[in-house]
Number of protein chains: 2
Amino acid sequence: MTLPPSSRTEVKRLPERARYDTEIVHGILDDALVCHVGFVIDGQPVVIPTIHARSGDRLYLHGSPANRMLRTLKQQVDVCVTVTLVDGLVLARSAFHHSMNYRSVVVFGSAREVTDPAEKMTAFRALVDHIAPRRWDTVRAPNEKEIRSTLVLALALAEASAKIRTGPPLDDEADYALPVWAGELPLRTVPGVPVDDPRLAPGAAVPDHVTDWRRSR
Amino acid sequence: MTLPPSSRTEVKRLPERARYDTEIVHGILDDALVCHVGFVIDGQPVVIPTIHARSGDRLYLHGSPANRMLRTLKQQVDVCVTVTLVDGLVLARSAFHHSMNYRSVVVFGSAREVTDPAEKMTAFRALVDHIAPRRWDTVRAPNEKEIRSTLVLALALAEASAKIRTGPPLDDEADYALPVWAGELPLRTVPGVPVDDPRLAPGAAVPDHVTDWRRSR
């Protein structure tokens, strides 16, 4: 499926980098650990990082009901949610043509508060499994009090676009003769050695979903 | 030095995670490869990722004069620039207490256009060396045409705050007895094998600043 570009999501700069396929948009949202949420308070832009999770064509955000960002968004104001994955450094022969290879998604819309307990539980599962796939089934599920005391918002992924850069630098023709190394330095997010909680119960071994953790790239 | 918290930068949620020391704020900005720039167009929030670089107490952004974000910001409207580094996954015994360890910085202010060619050159150097330290001296410097055709903006780092989470999950007391593995999975950004540009000039070997590339953590 392809999302029709709106006046807000149509990529104006370097439109050849734009992607509107839902599969690509969803994949980037799933790969990104955190998103950056933009909203307006008293005319001023505010950008706050937070954990997100996608389930179908919905993006879930959550937190304390006291959280200013969530309190603002639940009034269904305009929001812009952006995620960015840096896939590599693009090192050109000229300073001017330095860049990065990246995948980003920008989502516009307004969020609604999720009040249905079943949908809240769907969001919690998506959020835990977004952090570490397959973890949900191994942990204590949210209880009544935790469900009540968590504000969950859903944002429809109807107005979203992706932008992707790949490949080598694009230098000026004359610069290709320069004896300067140029190319891409690929970057990845990799896990280190898991650190046991200091109060780990006896026999609680590191599970496969932690030792095998990786992001797709 | 410590930046006095303003009404905008004072961290309200979890204030024990807040940091206002310039050294910490600057270090996080330097470690982050990209920032997320929030601004308002026709009342709507927009968040766009871009490369930034710090020089002293200034943050530089740059791009084409046709770039909508830069054209908007150069009118000295309010801007919010946020960077986030995810340092690890915080895996709790309960779904509710899952989190991430992170370092983030939020900067408020308004940007001014840099017109002085010497300061523009300072910004270009900072931007290239932000991507790959020590690279600037090895590449072709910007020429007159490139300097003229690049829009550079400077944002004073006067109103900025950092937020940092470290350490293990904080579970409910009763949950510590559960036989569920809990702890932190540290994450790092690491370089892969450098990919030569397909049109590399003969004898252009991969330089030390590429093979040694790393971010501080």
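In which loop of chain B does B:Asp42 lie? Select B:Asp42: the residue sits in the loop between strand E2 (34-41) and strand E3 (44-51) of chain B. Helices (H or I, at least four residues) and strands (E, at least two) are DSSP runs, numbered from the N terminus.

This is a predicted model, in which local features need pLDDT of at least 70 and side-chain atom pairs count only at pLDDT 80 or more, while totals for chains, interfaces and linings use all residues. Residues are numbered from 1 along each chain as its sequence is written, and chains are lettered from A and ligands numbered from 1 in the order in which they are written.

B:Asp42 is exposed, with 7 other C-beta atoms within 10 Å. A residue is buried if 20 or more other C-beta atoms lie within 10 Å of its own, exposed if 12 or fewer, and partly exposed in between, with C-beta atoms placed from the backbone. Most residues other than glycine have a negative phi.

Next, select A:Arg134, another non-glycine residue, with a positive phi of about 75°. A:Arg134 is in the loop between helix H3 (117-131) and helix H4 (144-148) of chain A. It is partly exposed because it has 14 C-beta neighbours inside 10 Å.

**Chain A and A:Phe108**

Select A:Phe108 in strand E7 (residues 99-109) of chain A. A:Phe108 counts as buried because it has 23 C-beta neighbours inside 10 Å. Beyond its neighbours within four places in sequence, A:Phe108 is in contact with A:Arg8, A:Thr9, A:Cys80 and A:Glu159; contact means C-beta atoms, placed from the backbone, within 7 Å.

**Where the chains meet**

Select both sides of the contact: 83 residues from chain A and 83 residues from chain B. Elements of chain B giving two or more residues to this side include E2, E3 and helix H3 (117-131). E11(B) gives the most, with 9 residues.

Finish on strand E11 (residues 183-191) of chain A, which runs antiparallel to E11(B) and is joined to it by 5 bridges. Two strands pair if DSSP finds at least two bridges between them. Within this pairing, A:Val190 stands opposite B:Arg188.

Key: Two residues are in contact if their C-beta atoms, placed from the backbone, lie within 7 Å.
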